[in-house]
Amino acid sequence: MEMYSGHINKLIEELAALPGIGGKSAQRLAFHLINMPEAKVKRLAQTIVDAKENVRYCKECYTLTDQDVCPVCANARRNHAQIMVVENSRDLAAYEKTGKYEGVYHVLHGAISPMLGVGPADIKLKELIARLEKDVEEVIIATNSSLEGETTAMYISKLIKPTGVKVTRIASGVPVGGDLEYIDEVTLLRALEGRIEL
Ligand code: ZN
């Protein structure tokens, strides 16, 4: 990359470090940014900083939110005794989009992966267990059907079973290795309705 100036190289490097952006995309984005009007670039930069400074974890479910408690947890009409466990906020959004789930969520921010060195302590698991001290009737495990997702589901089920709380797993209508966020609403609902007790 010696053919570009130091500043452009730095920008390409930063962009390429983002997930899903390879070297070529990083170059394309970098040149696009350079060619944008300065005011627009400043607005984009400020938007990123603002998001970083103002977005935090919901105190209850650990999804990303602007408030102390997210809109789902703050909603008294939701069934707070039913907790759906998902890997990330995008999966939560996928289920929220169906408009049919009336319980609340718990966002793990990851999945257990011995291969990647992600252990139970690296995701929001003890936070989930702490929530069971309140009146919880059912924990629905909706982690992805990848190896990591299944490992996490097994782990959670073993952890919760002794507490007597009902543990269910969404049905395998969700394709193996499929990320929840890419699955259509009908499939998501079918997986939820067809959930089985672990
Ligand atoms: Zn919440």
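How far apart do the C-alpha centres of domain 1 and domain 2 lie? I looked this up before anything else. The answer is 33 Å. I note that this is a predicted model.

**Entry: domains**

I checked the bounds next. Domain 1 covers 6-54. Domain 2 covers 77-193. Both bounds come from a domain assignment.

**Entry: the largest pocket**

I asked which residues line the largest pocket. I found L11, L15, L29, L33, I34, V41, L44, A45 and I48. The space in this pocket is about 250 Å³. I then sorted the lining by class. It holds 9 nonpolar residues, with no polar and no charged ones.

Which helices supply at least two residues each to this lining? I list α1 (6-16), α2 (23-35) and α3 (38-54). The top contributor is α3, which gives 4 residues.

**Entry: the second largest pocket**

I moved on to the second largest pocket. Its volume comes to about 180 Å³. I wrote down its lining: K59, E60, H80, I83, A130, R131, K134, D135 and V136. Two or more of these residues come from β3, and two or more from α6 (125-131). By class I get 5 charged, 3 nonpolar and 1 polar.

**Entry: strand β3**

I turned to β3 because the second largest pocket draws two or more lining residues from this strand. Strand β3 spans residues 79-86. Is β3 mostly covered or mostly open? I find it mostly covered, with 6 of its 8 residues buried. Buried here means under 20% relative accessible area.

Which strands does β3 join by bridges? I found β4 and β5.

- β4 takes in residues 103-107 and is joined to β3 by 5 bridges. The two strands run parallel. Opposite N79 I see G103 of β4.
- The chain leaves β3, passes through helix α5 (residues 89-98) and reaches β4. I record this β-α-β crossover as right-handed.
- β5 takes in residues 138-141 and is joined to β3 by 4 bridges. This pair is parallel too. Opposite I83 I see V139 of β5.

I also note a general point: side chains in a regular strand alternate between the two faces of the sheet.

**Entry: cross-check**

I compared my lists for I83. This residue stands opposite V139 in β5, and I83 is also among the residues that line the second largest pocket.

Notes: Residues are numbered from 1 along each chain as its sequence is written. This is a predicted model: local features need pLDDT of at least 70, side-chain atom pairs count only at pLDDT 80 or more; totals for chains, interfaces and linings use all residues. Side-chain values use heavy atoms; hydrogens and water are left out. Buried means under 20% relative accessible area, exposed over 50%, partly exposed in between (1.4 Å probe, protein chains only). Two strands pair if DSSP finds at least two bridges between them. A crossover is right-handed if, with the strands pointing away from the viewer, the path from the first strand over the helix to the second runs clockwise. On a 1 Å grid over the protein atoms alone, a cavity is a set of points where a 1.4 Å probe fits but cannot get out, and a pocket is an open set with protein on both sides within 12 Å along at least five of seven lines; lining residues have an atom within 4 Å of a point. Grid points are joined across faces, edges and corners, and a volume is the space filled by probe spheres set on the points. Ala, Val, Leu, Ile, Met, Phe, Trp, Tyr, Cys and Pro count as nonpolar, Asp, Glu, Lys and Arg as charged, and the others, Gly among them, as polar.
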